[in-house]
Amino acid sequence: MVDLAAEVGGRLLRAQAAHTVPTDLQALREWVQEAGWTDSVFAENPDLDNPRVRVALDRAMAQLADVAMVRGHLDYGLPNVLPAGVIDWQHHGLVPLGYDTALALEIIPFKGGTKGYLASPEQRRRYLEALSEVARATTGQALIRHLGPYLLVKALFFLALMKPTDPARTDKHLKWQYRRHQFVEVLEKYERTGAVDTACLPTLDAFTARHGGGHP
């Protein structure tokens, strides 16, 4: 399955690399806003709309200044990857090259271990190596050095539209707090090293056991 995902991802990456768009700061800002759903995230979590988060996002954009923009999927993941191609393009937009394909296995931990599948470190390594070979052949760049900024934006995406409106839904409140915790974990790791290891993110069950399942 991992090898098939890498083969399909490689095909998409080659197609994207053949049709690049010049990168500038405004294009990167629009990508952060659209891919990270920042308007929704900050509306639901106004405490996160702060200088610390803004500085980290500015750092991510600066780190990607030399990466070409391409027409991307914005919701790329294993459920949308089929042997014949990639489905569900309703959220398409401009993205830095590799944002779609590089994260296919890295985003699995954000789902909390509740979807019935995981990726081992060896599977993640093999997938990224295969995609990096395609990236080096087409652009001369390795994808792995961009994972930190990509995952920072993706952590925002997974937090979007998570705040519940029904105070009686303690399960929804817990999941919202879980996604907030994930974002802060990713933010702290990116601030310290510029990289993010998603294997360190707790499962939803582990988070629930520690926090008791109550309201925030």
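Here, a residue is called buried if its relative accessible area is under 20%, exposed if over 50%, and partly exposed in between (1.4 Å probe, protein chains only). This is a predicted model, where local features need pLDDT of at least 70 and side-chain atom pairs count only at pLDDT 80 or more, while totals for chains, interfaces and linings use all residues. Residues are numbered from 1 along each chain as its sequence is written, and side-chain values use heavy atoms, with hydrogens and water left out.

**View 1. Helix α7 is mostly covered.** Helices (H or I, at least four residues) and strands (E, at least two) are DSSP runs, numbered from the N terminus. In α7, 13 of 13 residues are buried. How far apart are the end C-alpha atoms of α7? They sit 18 Å apart, which agrees with the 18 Å that its 13 residues should span at 1.5 Å a residue; the expected span is 1.5 Å times one less than the number of residues. Just after α7 comes Leu161, with a positive phi of about 60°.

**View 2. Trp31 meets Tyr150 edge-to-face.** Rings of Phe, Tyr and Trp (its six-membered ring) pair up if their centres lie within 6.5 Å; planes under 30 degrees apart are stacked, over 60 edge-to-face, and the rest tilted. By this rule there are six aromatic pairs. For Trp31 and Tyr150, the centres are 6.2 Å apart and the planes stand at 80°, so this pair is edge-to-face. The pair links distant parts of the chain, 119 residues apart: Trp31 is in helix α2 (residues 25-35) and Tyr150 in helix α7 (residues 147-159). Trp31 is buried at 1% relative accessibility, and Tyr150 is buried too, at 0%.

**View 3. Phe157 has a ring partner, Phe158, and a charge over its face, from Lys154.** The rings of Phe157 and Phe158 have centres 5.3 Å apart and planes at 80°, so they are edge-to-face. Phe157 is buried at 18% relative accessible area, and Phe158 is buried at 9%. Lys154 lies over the face of Phe157, 4.8 Å from the ring centre. For a charge to sit over a ring, NZ of Lys or CZ of Arg must be within 6 Å of the ring centre and within 35 degrees of the ring normal.

**View 4. Arg59 lies over the face of Tyr190.** Here the distance to the ring centre is 4.6 Å.
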